[in-house]
Amino acid sequence: MESIVFWGFNLDAWITIATVLTMFTVLLLTKLRADLVFLGAISILFVTGVLNAKEAFSGFSSTSVVIIGVLFVVVAGLTHTGVLQWIVKHLLGQPDTYSKAIIRLMLPVAALSSFLSNTTVVALFVGIVKMWAKKLDVSPSKLLIPLSYASGMGGVCTLIGTPPNLIISGLYADKTGQAMNVLATTIPGVFCLFIGMLSIIAMRKLLPDRKAPESAFESTSDYTVELLVPSDNPYIGQTVAEAGLKDVRGGSLIEIIHFDEMVLPALPEEPILGGDRLIYSGQIDEILDLKETHGLVSADHHVFTMNEIDRDRQLRTAYVTFGSSLINKAIGHSTFEKDNNMTLVAVARRGKRIEESPREVILQAGDTLLFECPPRINILTDHLSSQLHFFDSAQIPNIGKKTFISATIMIAMVVLSALNVIPLLQCAFLAAMAMLLFKCCNVDQAMKAINWEILMVFAGSVVLGVAIQKTGIAERLAFGILDVCGTNPIIVMTAICLVGTFITEFISNTAAGAMFFPIMYQAAEKLGYEPYPFLIALMVSVSSSFATPIGSPTHMLVYGPGGYRFGDFMRIGLLMNFIILAANILIVNLIYPLTPLH
């Protein structure tokens with residue numbers, strides 16, 4: 001079977017190509033979880049015999065994947081002791097110009113992202129930046145894209161800052177037996193960050209000026225109406241469901257107030273009493289028709305305000321995440337509210353409230369939703385967090401002695417690894433153990449912090465890289481690039497980095513790093529040069545996704561809060577892709593001159 005060759009590739013190679021292309025197509029066009037897609041790809045490569053058992057499961061024992069998993073525990077310790085919050089509080093300040101605001105924002109975000117999960121850092125900053133923007137009288141949309149960009153560029157500055165760096169450096173160590181220094185990408189990363197900040201300041205007119213999505217929900221009286229049940233109403237004694245007063249045209253009943261003080265959820269079995277106040281949300285004009293159809297009257301006092309509403313319920317604002325199963329559906333056509341003990345009050349899109357019954361609105365990614373829900377609702381559950389991102393979901397811990405301890409542990413981990421005193425893997429394990437030993441986080445918090453879906457994607461990415469290299473695809477592609485670009489190493493490096501930059505706009509940067517590692521490595525060897533500088537350039541490239549909101553999880557985090565449209569990222573992002581690519585190639589060749597293989 002393997003002797004069959006078509007267009008230079010054997011059967012195993014064609015199976016691998018078909019698997020990779022199918023996987024990317026599924027990731028782009030469906031809402032399937034990325035870890036399941038990668039697991040499916042590994043299964044196909046194993047079942048068809050392209051990879052043996054050891055190769056198919058090599059990703060799960062990869063040093064870089066293990067390091068990523070352990071670092072989740074370290075980050076949990078930093079988060080739960082308030083290190084991130086302390087840094088945020090003391091670094092943003094009150095700049096008097098937009099240029100200074102960009103610098104004050106991007107530098108600390110990039111610094112934190114050099115050692116911590118980009119997603120964690122951006123999730124922490126989103127709410128703070130929105131409040132900061134209001135204080136500076138600047139649209140949040142002018143600051144949230146730079147926030148996301150800074151996290152990506154900052155992550156490149158160390159090997160532990162972003163998963164592709166760990167994957168590529170781990171594969172390099174496996175190939176050569178030589179480990180990269182944890183600060184190998186620091187100078188190229190910092191240079192690209194500096195160029196990126198200057199570019200954003202220079203191109204700030206390309207950043208959209210969008211109205212904050214939740215600004216559509218500033219007055220509760222705009223989306224709620226209160227109606228009174230008169231003492232002679234014919235529906236008295238019936239339940240809410242029997243009277244047809246629960247889900248009505250234009251909205252829904254969210255609260256019942258008995259005797260002007262007893263606030264109850266609007267359950268279908270709740271009886272209607274004379275003097276009850278019924279609080280509805282939705283399209284007020286249509287709801288007021290109940291005065292004619294059900295004999296209700298306008299309440300003389302509108303008690304449904306932020307301060308007067310029952311303390312056991314509260315209003316929370318969230319936006320619909322990319323990949324959410326709520327997209328293209330109406331809340332009223334599902335059991336979402338019942339399952340999560342929440343009631344949808346209003347929907348806004350791009351900063352403007354949609355003037356129709358909120359439960360009938362067909363939702364889109366980025367829509368802002370206003371919910372009435374219990375204050376202690378667990379908004380961080382896997383199910384709910386995959387559907388919605390709440391603006392106020394960040395937990396603010398107390399700053400104290402453990403804050404200093406966890407910060408010291410992180411600094412010690414980085415310094416010992418950077419000076420090659422202890423290998424990074426051992427450093428990460430020691431740091432994680434120290435976080436637990438000094439109770440910076442408990443075991444439950446540490447386990448919940450480990451993102452198994454991300455680890456599955458990382459492991460799958462390593463396996464794909466093995467398949468691409470084993471079947472000769474990498475070598476053939478390397479030869480193909482050499483045929484097109486000639487033998488000039490700078491041109492070859494630029495060509496591969498350019499393709500890598502645009503591929504990572506649509507797929508995981510970890511997957512892009514694993515896929516392009518063997519191609520870049522083979523190309524460098526065919527040219528007769530040490531692959532090290534080529535791989536440093538590749539690390540920067542596969543983390544430089546600026547042009548689409550799906551290019552990075554951090555872009556998705558700011559998409560809803562910023563009130564952005566899909567094309568907003570492309571306006572400034574395409575230029576940023578080329579600018580950072582040029583800066584990357586320039587600085588890498590200055591810092592790491594190309595050296596011939598011996």
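Hi everyone, a contact here means heavy atoms within 4.5 Å. With that in hand, residues 24 or more positions apart account for 78% of the chain's contacts with a separation of 6 or more. What you see is a predicted model, in which local features need pLDDT of at least 70, side-chain atom pairs count only at pLDDT 80 or more, and totals for chains, interfaces and linings use all residues. Numbering starts from 1 along each chain as its sequence is written, and side-chain values use heavy atoms, with hydrogens and water left out.

Let me start with the overall picture. The chain has 25 helices and 13 strands; these are DSSP runs numbered from the N terminus, helices being H or I with at least four residues and strands being E with at least two. Of the 598 residues, 55% are buried. Buried means under 20% relative accessible area, exposed means over 50%, and partly exposed is in between, with a 1.4 Å probe and protein chains only. The accessible surface comes to about 25,900 Å², and 62% of that belongs to carbon and sulfur atoms. Those areas come from the Shrake-Rupley method with a 1.4 Å probe, and for residues only the protein chains shown count as cover.

Now for the inside. In soluble globular proteins, nonpolar side chains tend to be buried together. For us, a nonpolar core is a set of buried Ala, Val, Leu, Ile, Met, Phe, Trp, Tyr and Cys residues joined through side-chain atoms within 4.5 Å. The largest one holds 143 residues, and the members touching the most others are Leu105, Phe125, Leu147, Tyr149, Met180, Leu535 and Met576. Which helix gives the most to this core? That is helix 22 (residues 509-527), with 12 residues. There is also a second, separate core of 18 residues, including Ile331, Ile354, Phe371 and Phe390.

Setting aside neighbours within four places in sequence, Met180 is in contact with Leu159, Ser169, Tyr172, Tyr532, Leu535, Ile536 and Met539. Helix 6 (residues 98-113) has 16 residues and reaches 22 Å from first C-alpha to last, close to the 22 Å expected at 1.5 Å a residue; the expected span is 1.5 Å times one less than the number of residues.

Next, a few helix residues with partners elsewhere in the chain. Ala467 sits in helix 19 and is buried, at 0% relative accessibility. Not counting residues up to four places away in sequence, Ala467 touches Thr16, Leu45 and Leu51. The C-alpha atoms of Ala467 and Ala13 are 8.2 Å apart, although 454 residues separate the two in sequence. Leu171, in helix 9 (residues 163-176), is buried at 14% relative accessibility. With the residues up to four places away left out, Leu171 touches Val462 and Phe517. Then there is Ser541 in helix 23 (residues 532-542), a buried residue at 1% relative accessibility. Its contacts, again without residues up to four places away, are Cys497, Thr501, Thr504, Leu581 and Asn584.

On to the strands, where two strands pair if DSSP finds at least two bridges between them. Strand 10 (residues 343-349) has six of its seven residues buried. Strand 10 pairs with strand 12 (residues 368-373) in the antiparallel sense over five bridges, and Val347 has Leu369 as its bridge partner in strand 12. In strand 5 (residues 251-258), eight of the eight residues are buried. Strand 4 (residues 247-248) runs antiparallel to strand 5, joined by two bridges. Their hairpin has two residues between the strands, and there Gly250 takes a positive phi near 100 degrees.

Last stop: charges. How many salt bridges are there? Counting a side-chain nitrogen of Lys or Arg within 4 Å of a carboxyl oxygen of Asp or Glu, the answer is two. One joins Lys470 and Glu55 at 2.8 Å, N to O. Lys470 is in helix 19 (residues 452-470) and Glu55 in helix 3 (residues 53-56), so this pair ties together parts 415 residues apart in sequence. Lys470 is partly exposed, at 44% relative accessibility. The other salt bridge links Asp96 and Lys100, with the closest N and O atoms 3.2 Å apart. Here Asp96 is exposed at 62%, while Lys100 is partly exposed at 44%.
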